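Biologist: I am new to this structure, and I would like to learn how to read a few of its features with some care. Could you show me the structure and then take me through them in turn?

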Amino acid sequence: MGRFESTAPWYARYRPRYPAELIVRLAQAAGLDGSSRVLDLGAGPGHVASALAPYVGEVVAVDVEAGMLAQIEEPNVRTVVGPAEDVDASWGRFALVTAGRSFHWFNEGVMFARLPLVTDQLALLGDSITQSDAQSRAQAIATELLGEEPPKPRRRFYRELLEKSPFSDVEEIDVMAERTWTAESLIGLAYSTSVASPERLGAKREEFERRVRATFGDAEYHERVSVSAVLGRRSDQRLE
């Protein structure tokens with residue numbers, strides 16, 4: 001079983017969606033229309049692919065976890081099980097390649113060598129913060145129960161990453177999102193991660209749920225988060 005295979009239903013339900021305004025502005029900035037093809041890498045359950053699908057002709061959603069891709073239902077989203085690093089010129093051309101909260105899992109050297117073969121535009125989507133205070137507290141309970149977190153790759157600022165890549169002409173689109181968390185949604189969110197997946201918690205899952213509910217009670221936790229799409233273009237391909 002892959003790193004996120006057991007998390008797929010939780011990921012689809014509890015991971016925050018991207019604001020509709022952000023998707024619209026990204027589609028406009030990238031010049032997408034009904035004839036466009038988009039490639040979404042590390043697609044998970046399709047939070048980016050499904051959101052962009054109404055604005056384009058086809059989205060190709062790629063992920064190593066078949067269970068994640070099985071959550072996608074849009075008819076013009078074609079799913080491919082495999083690593084993002086498999087992309088090459090044989091895949092054809094895409095108006096835009098996207099990655100939502102996933103690029104840090106890829107081999108950057110391989111990706112930046114291969115992506116220019118298929119596109120002139122790359123958009124990386126994510127939040128301004130990795131976790132809110134409420135999310136961090138729930139994750140800390142899992143860490144207390146299980147010990148050290150599994151190793152994760154280092155995240156980098158998307159603008160910094162793209163400015164040093166072949167897609168160095170960067171435009172950043174920012175939208176504010178309001179979210180509300182409860183004990184139940186924080187448990188679901190935790191189950192969507194590699195740190196506190198149901199598989200990793202195992203027999204300690206019931207204790208985890210009990211401690212999260214005791215910590216947060218019936219309260220609601222509200223947050224405002226800046227969500228961004230950092231669009232990088234090859235320097236000689238900027239849209240007018």
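Biologist: Is F103 buried or exposed, and how would one decide?

Modeller: This is a predicted model, and what I describe is computed from it. A residue counts as buried when its relative accessible area is under 20%, and F103, at 2% relative accessibility, therefore counts as buried. F106 is also buried, with a relative accessible area of 14%.

Biologist: How are the rings of F103 and F106 placed towards each other?

Modeller: A pair of aromatic rings is described by the distance of the centres and the angle of the planes. The centres of the F103 and F106 rings are 5.4 Å apart and their planes stand at 70 degrees, and because planes over 60 degrees apart count as edge-to-face, that is what this pair is called. F103 also forms an aromatic pair with F112, and this one is tilted, with 5.5 Å from centre to centre and 35 degrees between the planes. F112 counts as buried too, at 13% relative accessibility.

Biologist: How many aromatic pairs does a search of the whole structure find?

Modeller: The search finds six aromatic pairs, and ring pairs also link W10, Y14, Y191 and F208 into a cluster.

Biologist: At what angle do helix α8 and helix α10 pack?

Modeller: Helix α8, residues 183–191, and helix α10, residues 205–216, pack at an angle of about 140 degrees, with their axes 9 Å apart. An angle over 145 degrees would count as roughly antiparallel, and α8 and α10 are therefore oblique to each other. Their crossing is right-handed.

Biologist: Which residues make the contact between these two helices?

Modeller: From α8 the contact takes in A183, E184, L186, I187, A190 and Y191, while α10 brings R205, F208, E209, V212, R213 and F216. Sorted by class, the contact of α8 with α10 has eight nonpolar residues, four charged residues and no polar ones.

Biologist: How many residues of α8 are buried, and what covers them?

Modeller: Eight of the nine residues of α8 are buried, and the helix is mostly covered; among the buried ones are S185, G188 and L189, together with Y191. The elements that cover the buried residues of α8 include α1 (8–14), α6 (133–146), β6 (169–181), α9 (198–201) and α10.

Notes: Residues are numbered from 1 along each chain as its sequence is written. This is a predicted model: local features need pLDDT of at least 70, side-chain atom pairs count only at pLDDT 80 or more; totals for chains, interfaces and linings use all residues. Side-chain values use heavy atoms; hydrogens and water are left out. Rings of Phe, Tyr and Trp (its six-membered ring) pair if their centres lie within 6.5 Å; planes under 30 degrees apart count as stacked, over 60 as edge-to-face and the rest as tilted. Buried means under 20% relative accessible area, exposed over 50%, partly exposed in between (1.4 Å probe, protein chains only). Axes are lines fitted to C-alpha atoms, for helices over the stretch in contact, and angles run from 0 to 180 degrees between N-to-C directions. Helices (H or I, at least four residues) and strands (E, at least two) are DSSP runs, numbered from the N terminus. Angles under 35 degrees count as roughly parallel, over 145 as roughly antiparallel, 65 to 115 as roughly perpendicular and the rest as oblique. A crossing is left-handed if the near helix is turned anticlockwise from the far one by less than a right angle, and right-handed if clockwise. Contact means heavy atoms within 4.5 Å. Ala, Val, Leu, Ile, Met, Phe, Trp, Tyr, Cys and Pro count as nonpolar, Asp, Glu, Lys and Arg as charged, and the others, Gly among them, as polar.
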